[in-house]
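Good morning, everyone, and thank you for making time for this. I would like to walk you slowly through a pair of helices and then a group of strands, so please keep the picture in view while I talk.

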Amino acid sequence: MIKARIENDELNYIDHIFQKIKEDLTKRKFAMNDSIKGSIKEIIKPINLLTLIVIGSVFCSNLFADDGYRLWLRYDRLSDTQKLLEYKDLIAQIVVQGDSPTIQALKNEITTGLNSMLGVSMSLSSDVSLDGAVLVGTPKSSGLIAGLRLDDKLRKLGNEGFIILSTIVNKKKCTVIAANTDIGLLYGAFHFLHLIQTRKNISKLLVTSVPKVQHRLLNHWDNLDGSVERGYAGSSLWKWHELPEYKSPRYKDYARANASIGINGAALTNVNANALVLTEEYLVKVAALAEVFRPYGIRVYLTARFSAPVEIGGLQTADPLAPEVVVWWKQKVDEIYKYIPDFGGFLVKANSEGQPGPQNYGRTHAEGANMLADALAPHNGIVMWRAFVYDNNIPEDRAKQAYNEFTPLDGKFRENVLVQVKNGPIDFQPREPFHPLFGAMPQTPLMMEFQITQEYLGQGLCLTYLAPLYKECLDCDTYAKGKGSYVSKLIDGTLHNYKVTGMAGVSNVGSDRNWCGHPFAQANWFAFGRLAWDHSLSPEELAEEWIRMTFSNDEMIIRPILSMMLSSREAGVNHRTPLGLHHLMAWHHHYGPGPWINKGRADWTSVYYHKADSVGLGFDRTATGSNAVSQYFPPVSERFGNIDSCPENLLLWFHHVDWSHKMKSGRSLWDELCYKYYSGVDSVRQTQKTWNLLEGKIDQERFEHVKALLKIQLRDAIRWRNACVLYFQTFSKLPIPVDLEKPSEALDYYKKIDLKYLPGS
Ligand code: BDP
């Protein structure tokens, strides 16, 4: 007995050491191959316990090293013994039925995940024979699941939903993960792993989960030369020159990460598109990526350059109504489907920022989109046509142009076209009102475009948790069909009964070892995916989930990190563009402050947007100005249009406000502006202090990395604050309130800062 226990302990210890070795090796590779695992066990089995302790301690010294590669899929062994015992009781056997590539992926994930977290080595069983079995299957692939008669529950799950329930099978206590499809099972398996990763009670489970939105995509703005537009995490993940021969293991890990949060599509290329990706040379490469992603339920999409028929097709025109152009696209699409049978469709930026489009030929956006949609329809492909269009030559407020362009086209798009709308009417600013198109096109499915990459919110250098921004927009009431017409209900299709729905996030993933550059930027990828699946989740819940999976389940670690994350977006707004200010960033790279920018294309300057003068500050978008407020439904239009009811955090977006205007705090606009700028910086200081308290409690590697980045963040927050306050002071001619520290330098100093070679520009 005793001997057996020692052997068991030894084996467990071997597993523990193995876990540490694995953690170390995962710096180079996400998951360790089973045969290597076997050989290591063979080598270290005969070594006695003492030696193991010595070896173990060597690896344990590495306990705190973490380069972030594993994202939120760390599967570290539980250190809480009580919880471990509780889980071991409930998880003693894994029974997965079926054998498709998706099921193979699921089997790998669930065995690696559970064995690793529980420190055991269960292999897959073919039948439920123990209390604590985890049974995974669809009624089609598993007789056991079919026998459970879950039909009523399954009917509501569609193609991607799943249920997880605690029940009895073969007279044994069992956790069942069931779905109608294999991909539903994979999502269910990831969810089950999440429950353990976040230390939830799994004894009486009854979870039903169905995605609220159909197309949940990452939009990669990756160029074929390996650069990434607005990418701050190294170069592109897609190594085109190596494909199709070499498929980097990262592609699979990327797919795993996406599937674990419910993302089911990836547009691989930049919206500022290169037609080359549509040539055979590249399609075979795209097909290789699609093959890796397929088991994980991820379809690939490409950006279609509208002028491709001319650029790579040798035609004289790309006019969407020209018969030869129609034929060219049809043949091109048929060719794409030969390589990629489950190709998702096209994402198109047309007639915007110099991109070609149907208007070059006097055609409308609908005519352009429909031509592509007709080519894709026989293959069930979709077109995501971007509404991000504006033109400096149109004498109209940029914020109004997309609405003006698209609302007359409502109902004119084919059924497989979605119009993809950025969350706000300008361009991913730290804070924008929701886009007035939301609610204004009842007969056209509109999909959401959020930015995950932090173009205007600190890029790869600043900690900015974006779920509050996403949620703020999704929770807005458009009043399109009266009270309760939330943006979220529009996007999930329930408001206007859209047949097709979607949400896209401009990706922040790159070739950096930790995927997203800043260790906290991973949280934005995570939160985006989870919200696209279920927009009712709160930023707090999502942040907590992510922290538990990525850092620790210890409350002493969770609480401080949570407070840092939740305050970060508002801090970022306050030290850059408080009170509804927008587009004050430096020319070109968009990172630092540039409120003085007044040269070049007018709608790319800052003065166009802030309109500072001796009287006051802000863009008058009421009836006395551009009247952009009229694009919103009442009572939103009235609320925004009236200086007294306009939310103060959007005041200068909609109003030109006197410097002496009395704010809700009782202060003048000028004083309030100063206090906001200063509070933004104070908040970063607070974040630094909070982070410093975590030294020694989390791994040193990420601790040091974030600590250093926070130093940069504070330096740059101060630059933003000082530059903006000093610049606006040249108009207000008022003193900075006496209790606020004075900027250390004069305005000219900030104007001369000229950051070179910032990534992503
Ligand atoms: C802006 C970016 C620009 C993108 C554009 C877009 O600065 O690089 O091409 O959006 O969305 O935010 O097309």
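Predicted model: local features only at pLDDT ≥ 70, side-chain atom pairs only at ≥ 80, totals over all residues.

Let me begin with helix H10, residues 280–293, and helix H12, residues 323–339, which pack with their axes 9 Å apart and at an angle of about 40 degrees. Because of that angle, H10 is oblique to H12, and the crossing in which H10 passes H12 is right-handed. If you look at where they touch, Glu-280, Leu-283, Val-284 and Ala-287 come from H10, and they meet Glu-335, Ile-336 and Tyr-339 from H12.

Now let us turn to the strands, where S4, residues 162–169, has two partners to discuss. With S5, residues 172–178, strand S4 runs antiparallel, and seven bridges join them; one of the pairings to find is Val-169 with its bridge partner Lys-172 in S5. The hairpin of S4 and S5 has two residues between the strands, and in this hairpin Asn-170 takes a positive phi near 50 degrees.

Strand S4 also pairs with S6, residues 206–209, again in the antiparallel sense, over four bridges, and here Ile-164 has Val-207 of S6 as its bridge partner.

Definitions and conventions
Residues numbered from 1 in each chain as written. Heavy atoms only, no water. Pairing = 2+ DSSP bridges. Axes fitted to C-alpha atoms, helices over the stretch in contact; angles between N-to-C directions. Parallel < 35°, antiparallel > 145°, perpendicular 65-115°, else oblique. Left-handed = near helix turned anticlockwise from the far one by under 90°. Contact = heavy atoms within 4.5 Å.
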